[in-house]
Structures are given as C-alpha cells and as structure tokens.
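Please read them beside the sequence and the structure.

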Amino acid sequence: MPSIIVPAHNEASVIRACLDSLLKQAGVDRIIVACNGCTDNTAAIVQQEYPQVICLDLPTPSKVNALNEAEKQVVAWPVFYIDADTKLSAGAVQTITEVMSQGSLLLAAPEPVIDTSRSSWLVQQYYKVWLSLPYIREGVVATCSFVLSATGRQRFTQFPQVINDDGFVRCQFATHERGNVSGTQVFIQAPHNLKSLIKIKTRARLGNLQLAAANLCTQAQEKPYSHIMRTRLFSKDFLAVGIYLLIASLIRLRAKQQFKHLANYRWETDHSSRQTSSH
C-alpha cells in the first residue's frame, strides 16, 4: 500500500483541496503532511480538520528537510511526493501503484494538467509551447510531484539541500526507468501573471544550475530543443514559440544572475495562483 508525503509551507489557502483529492484515493497506507516553517494556520487546518492524516509541524522552512523528516514516518512503498498546491485525479494512486508494481518504472508521475484559464495571455502562450515539448509529452516527469518505488528510493541516501528537489530525483534515473503514467493526472494551477511565471521558472532553472555545479546528477539530462524551436518558428505557432523563447531567455539570464549569489538565495513563490479554497 502506498504512502503519500505532502510538504507544505504556508499553504492554508490550498491544503484542503489537495488533501480532499488524496483522501478520495483508494488503498493508501498513510498520508503525511510535513508543515515546515509555516507562519499561517496550515498546520492547524491539517490537525483539526484532517485527524486521519499525520501532521508534522517542523520549525525549519525547508522543503527538502520536510521530505527527509516525513520519510521517517513511511512504512509502505511506493511513496507519492505531492505538492500542496496540486490535486490528483480520481484513482491516480491506485493506477500508478499498479503500473509501478510491474517493475519497469522506478520513478513515475501523473500527467500534468495545467489550468491557465485565469492566466494572462502571455502565460497561456508560454504553456502552450511548454506542454508540447518532447520533454513533457514523452513522459520524463515534469509535474513537481513524483512517485518513487522502494528500489528507486535506494538511488540516494537523503534529499540534499537543493532548490530543485524533483529535478534532483529525476536526474538519478535513466529515461527508460522513469515516466508519466497515462490515465492519471495532477492538476496544477498556472501562475496568473508573467511576473509570477518568471519567478517559478527561474527557481527551477536555478535549481538545475545548482545540480550541475554540484555534480549531483548521475544520469545525463538531454533536452535537444533548438532544432525543434527553429522549425516551429516558421509554423503557424510562430507567435507562441517566439513568446516562449523570449520568456525562456529572460528566465535563463535571471537564473544565471541569481546563481552568482546562490548563498543568499531566497525562495520565490507564486502567490497569484493560490486562491482560497472552500472545504
């Protein structure tokens, strides 16, 4: 029976929707919410409204520390590592668990469904291209949330102090060992504005630079996009592709600048997509 870990830092506005989607999943051994450094009432919501969930109230605002502490509560695998601002589709846990039991996938994830209905036009154009990239479509796990089998978890001792935890996990596995599971979805709310999009995408890019500099990847990460983009610039999607390339270039430049001052990095969060949810 699988376990679920939900790291949560100031997620009071979204934690209910996440947990409601998880509690509807069949065959889950336990759900562990690792509240870390919260200054809002996230922990109180979990403790008071979800007594069937294990709630850790950790003082340190660190996602990777939260993951490491939550894993101490795990007794059954695979383990689903689910971001608190996302939701899983019905039956996703059972389907992914069954697929992973066949042994071919050591790292899995549901397919991303990104809601851009409240996003600006520029953000919508960015995601239109991003979601069409082979890296996303061919199942290389790009959902922030991921699932590890017991065997897969043996690839590393603990989560290191890195910005991009899912990127770190992904680069421990060869392409044939990881993938998104068809018929399962993780629902993600896209940033509402360009500023917020650039924030979260810079964080991911900065995390990848950190992983490369620290030699933390055991598997090569190839993303041969340049020829694909050149071709699409002369297609009917040229406007969206052009916008994507401009935003992506800005993100790369911003990440390189932040990397020069990595020791002083402060975690950037998209607040635009975190809407108050009803129980």
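1. Of the 52 residues in the largest nonpolar core, which touch the most other members? They are Ile4, Val6, Ile15, Leu22, Val33 and Tyr127. A nonpolar core here is a set of buried Ala, Val, Leu, Ile, Met, Phe, Trp, Tyr and Cys residues joined through side-chain atoms within 4.5 Å. Buried means under 20% relative accessible area, exposed over 50%, and partly exposed in between (1.4 Å probe, protein chains only).

2. On the basis of the values: this is a predicted model, in which local features need pLDDT of at least 70 and side-chain atom pairs count only at pLDDT 80 or more, while totals for chains, interfaces and linings use all residues. Residues are numbered from 1 along each chain as its sequence is written, and side-chain values use heavy atoms, with hydrogens and water left out.

3. Leu22 has contacts with Ile4, Val6, Ile31, Ile82 and Leu88, leaving aside residues up to four places away in sequence; contact means heavy atoms within 4.5 Å. Another core, of 23 residues, lies apart from the largest one and includes Ile5, Leu58, Val64 and Tyr81.

4. One disulfide is counted, taking a disulfide as a pair of cysteine sulfur atoms within 2.5 Å. Cys171 and Cys217 form it, with 2.2 Å between their sulfur atoms. The two cysteines are 46 residues apart and link distant parts of the chain: Cys171 sits in the loop between helix H8 (165-170) and strand E8 (178-189), Cys217 in the loop between helix H9 (194-213) and helix H10 (226-232). Helices (H or I, at least four residues) and strands (E, at least two) are DSSP runs, numbered from the N terminus.

5. The torsion about the S-S bond of Cys171 and Cys217 is about -80°, so the disulfide is left-handed. Cys171 is buried at 1% relative accessibility, whereas Cys217 is partly exposed at 31%.

6. Cys35 is buried, with a relative accessible area of 0%. Cys55 is in no disulfide.

7. On the surface, Trp121, Leu122, Phe238 and Leu239 form a nonpolar patch with about 410 Å² of accessible area together. Helix H5 (121-130) and helix H11 (238-259) are the elements that give two or more residues to this patch. Leu122, in helix H5, is partly exposed at 33% relative accessibility. Accessible areas come from the Shrake-Rupley method with a 1.4 Å probe; for residues, only the protein chains shown count as cover.

Note on methods
Patches are made of residues with over 30% relative accessible area and no salt bridge: like charges are joined within 9 Å, nonpolar side chains (Val, Leu, Ile, Met, Phe, Trp, Tyr) within 5 Å. A salt bridge is a side-chain nitrogen of Lys or Arg within 4 Å of a carboxyl oxygen of Asp or Glu.
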